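Subject: Handing over a structure, with notes

Dear colleague,

I am passing this structure on to you, and below it you will find my notes on what was found. Please read them with the sequence and the model open beside you.

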Amino acid sequence: MSLEIQQKGIVVAGGFTYKCEETGESFKHPHLSVLEDIAKKHLRANNLPIPAGWHEQFEENVCRNSPNAVCRDTAAPSIVDKALSLSKALAKWAVEGFPVVPQEIYNQREAICLQCPHHTEKKGVYTGCKICGCRKQKIALSTSKCPDNPPRWFNLK
Ligand code: SF4
């Protein structure tokens with residue numbers, strides 16, 4: 001997962017929070033760029049390194065520690081990734097003659113997905129998978145397999 005803040009350059013009510021993992025101290029400011037300067041000063045004052053790529057770590061840290069931050073998972077599949085994943089799943093399904101799973105297997109897969117941290121839902125109803133970006137209909141296909149590593153459920157064909 002790679003979290004990126006969507007409210008850059010604007011004042012956020014309630015402010016952003018950065019928590020230094022090494023010292024345990026927390027800092028808060030309504031401007032993200034000011035908070036980043038404060039965080040860097042704190043690291044330097046404590047002789048802690050600011051490695052290349054630290055900015056990404058900073059944004060992830062702020063996302064995890066700021067209830068008011070709106071963040072996007074940049075590692076989530078893009079529209080193109082989702083389309084590719086769906087077309088691969090459908091092509092495999094077509095080659096096998098469009099088989100669907102029995103209701104019992106469908107229910108088992110849905111229950112597994114609902115327990116999984118990678119699922120998406122609306123009002124408690126499973127709607128899809130964050131890893132492959134596919135919608136819930138994918139669990140009906142006999143040729144589908146959970147994309148997690150290791151998979152949480154398997155294809156029948
Ligand atoms: S398909 Fe696999 S990874 Fe995706 S939500 Fe279901 S169990 Fe989780």
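Before I come to single residues, a word on how the elements are named: helices (H or I, at least four residues) and strands (E, at least two) are DSSP runs, numbered from the N terminus. In that sense Lys122 is found in strand E5, which covers residues 119-122. Please also keep in mind that this is a predicted model.

The chain as a whole

The protein chain holds four helices and six strands, and from the N terminus on these elements follow one another as β-β-β-α-α-β-α-α-β-β. The C-alpha trace spans about 65 × 30 × 25 Å along its principal axes, and the radius of gyration of the protein chain is 21 Å, whereas a compact globule of 157 residues would have one near 15 Å. Of the 157 residues, 17% count as buried. Among the contacts in the protein chain with a separation of 6 or more, 54% are accounted for by residues 24 or more positions apart.

Strand E2 (residues 16-19) and strand E3 (residues 26-29) run antiparallel and are joined by four bridges. Within this pairing, Phe16 stands opposite His29, and Tyr18 stands opposite Phe27. Phe16 and Tyr18 also make up the covered face of E2, while Thr17 and Lys19 make up the uncovered one. Six residues lie between the two strands of the hairpin, where Gly24 takes a positive phi near 80 degrees.

H3 is followed by Gly97, which has a positive phi near 90 degrees.

The loop between H3 and H4 contains Phe98, which has a positive phi of about 60 degrees although it is not a glycine. Phe98 counts as exposed because it has 11 other C-beta atoms within 10 Å, and the cut-off for that class is 12 or fewer. Pro99 is also found in the loop between H3 and helix H4 (103-115), but Pro99 counts as partly exposed, because it has 13 C-beta neighbours inside 10 Å.

Which residues does Pro99 touch, if those up to four places away in sequence are not counted? They are Ser142, Thr143 and Lys157.

Strand E5, to which Lys122 belongs, pairs in the antiparallel sense with strand E6 (residues 125-129) over four bridges. In this pairing the bridge partner of Thr120 is Gly128 in E6. The two strands form a hairpin with two residues between them, and Lys123, which lies in the loop between E5 and E6, has a positive phi of about 50 degrees although it is not a glycine.

Are Lys122 and Lys123 buried or exposed? Lys122 is exposed, because it has 8 other C-beta atoms within 10 Å, and Lys123 is exposed as well, because it has 5. From C-alpha to C-alpha, Lys122 is 17 Å from Lys138 in space, with the two standing 16 residues apart in sequence.

The residues around the ligand are Ile112, Cys113, Cys116, His118, His119, Cys129, Ile131, Cys146, Pro147, Asp148 and Arg152. By class, the residues of this shell divide into seven nonpolar, two polar and two charged.

One further feature concerns the peptide bond that joins Asn149 and Pro150, which is cis, with omega about 5 degrees. Pro150 has its place in the segment after E6.

Terms used:
Residues are numbered from 1 along each chain as its sequence is written. This is a predicted model: local features need pLDDT of at least 70, side-chain atom pairs count only at pLDDT 80 or more; totals for chains, interfaces and linings use all residues. A residue is near a molecule or strand if its C-beta atom, placed from the backbone, lies within 6 Å of it. Ala, Val, Leu, Ile, Met, Phe, Trp, Tyr, Cys and Pro count as nonpolar, Asp, Glu, Lys and Arg as charged, and the others, Gly among them, as polar. Two strands pair if DSSP finds at least two bridges between them. A residue is buried if 20 or more other C-beta atoms lie within 10 Å of its own, exposed if 12 or fewer, and partly exposed in between; C-beta atoms are placed from the backbone. Two residues are in contact if their C-beta atoms, placed from the backbone, lie within 7 Å. The radius of gyration is taken over C-alpha atoms; the globule rule is 2.2 Å times the number of residues to the power 0.38.
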